[in-house]
Amino acid sequence: MTDLFPALVFDVETNDMMDFELPADDLKQARIASIGLILLDEDPAKDESWTSKVYPEDWIMHPGAHEVNGLEDKDLRECGLRIELVMRIFNQYLERAKDFASYGMRFDTKLLRGERRRLGLPAGFGELPEV
């Protein structure tokens, strides 16, 4: 087994605002429209990163979200990856890190839990410490 990276830092952009009163996988919840991942090493030359737009299978980009993140439905349909593949790659990155963090941890992890549940995957985030 290779050494783990000290941390995975991630960020997501969404198609709408999150409603913290609803379950993560509620049909009215925001969806992940893009994601960025970076595995941080003590030696920055060894950092690894990945970004992707997400194909909008059953949702649209709401105007307010577009104003904030600049993402458009047309571009997401042309360049986005299916959420199944995005979650598989996220999981591969997560397995290679000792810890993880994001700018908006509560927001980002709720979005990820929702996407994972919709795919029939465990919600996650109970095995690594949240920093």
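Trainee: Why is Phe 10 called buried?

Mentor: In this predicted model, Phe 10 has a relative accessible area of 2%. Buried means under 20%, so Phe 10 is buried.

Trainee: How many aromatic pairs are there?

Mentor: The count comes to three. In one of these pairs, Phe 10 and Phe 90, the ring centres are 5.4 Å apart and the planes stand at 85 degrees.

Trainee: What makes the pair of Phe 10 and Phe 90 edge-to-face?

Mentor: Ring centres must lie within 6.5 Å to pair, and planes over 60 degrees apart count as edge-to-face. With centres at 5.4 Å and planes at 85 degrees, the pair is therefore edge-to-face. Phe 10 is in strand S1 and Phe 90 in helix H3, so the contact ties together parts 80 residues apart in sequence.

Trainee: Is Phe 90 buried or exposed, and how do you know?

Mentor: The relative accessibility of Phe 90 is 0%. The limit for buried is under 20%, so Phe 90 counts as buried. Phe 10, Phe 90 and Phe 100 form one aromatic cluster.

Trainee: Where does Val 9 lie, and why is Val 9 called partly exposed?

Mentor: Val 9 lies in strand S1. The C-alpha atoms of Val 9 and Ala 101 are 4.9 Å apart, although 92 residues separate the two along the chain.

Trainee: What makes Glu 115 and Arg 31 a salt bridge?

Mentor: Their closest N and O atoms are 3.0 Å apart. The cut-off is within 4 Å, so the pair qualifies. Glu 115 sits in helix H4 and Arg 31 in the loop between strands S1 and S2, so the bridge ties together parts that are 84 residues apart in sequence. Both residues are buried.

Trainee: Why is the contact of Glu 57 with Arg 82 called a salt bridge?

Mentor: The closest N and O atoms are 3.5 Å apart, which is within 4 Å. The pair joins distant parts of the chain, with Glu 57 in the loop between S3 and helix H1, and Arg 82 in the loop between helices H2 and H3, 25 residues away. Glu 57 is partly exposed at 42%, and Arg 82 is partly exposed at 44%.

Trainee: Which ring does Arg 82 lie over?

Mentor: Arg 82 lies over the face of Tyr 55, at 4.5 Å from the ring centre. The distance limit is within 6 Å. Arg 106 lies over the face of Phe 20 at 4.0 Å from the ring centre.

Trainee: Why is Asn 91 called buried?

Mentor: Asn 91, in helix H3, has a relative accessible area of 18%. The limit is under 20%, so Asn 91 is buried. The C-alpha atoms of Asn 91 and Arg 31 are separated by 18 Å, and the two are 60 residues apart along the chain.

Trainee: Which residues line the second largest pocket, and how does the lining divide by class?

Mentor: That pocket has about 210 Å³ of space. Its lining includes Asp 11, Glu 13, Met 17, Val 68 and Phe 107. S1, H1 and H4 are the elements that give two or more residues to the lining. By class, five lining residues are nonpolar, three are polar and four are charged.

Definitions and conventions: Residues are numbered from 1 along each chain as its sequence is written. This is a predicted model: local features need pLDDT of at least 70, side-chain atom pairs count only at pLDDT 80 or more; totals for chains, interfaces and linings use all residues. Side-chain values use heavy atoms; hydrogens and water are left out. A salt bridge is a side-chain nitrogen of Lys or Arg within 4 Å of a carboxyl oxygen of Asp or Glu. Helices (H or I, at least four residues) and strands (E, at least two) are DSSP runs, numbered from the N terminus. Buried means under 20% relative accessible area, exposed over 50%, partly exposed in between (1.4 Å probe, protein chains only). Rings of Phe, Tyr and Trp (its six-membered ring) pair if their centres lie within 6.5 Å; planes under 30 degrees apart count as stacked, over 60 as edge-to-face and the rest as tilted. A charge sits over a ring if NZ of Lys or CZ of Arg is within 6 Å of the ring centre and within 35 degrees of the ring normal. On a 1 Å grid over the protein atoms alone, a cavity is a set of points where a 1.4 Å probe fits but cannot get out, and a pocket is an open set with protein on both sides within 12 Å along at least five of seven lines; lining residues have an atom within 4 Å of a point. Grid points are joined across faces, edges and corners, and a volume is the space filled by probe spheres set on the points. Ala, Val, Leu, Ile, Met, Phe, Trp, Tyr, Cys and Pro count as nonpolar, Asp, Glu, Lys and Arg as charged, and the others, Gly among them, as polar.
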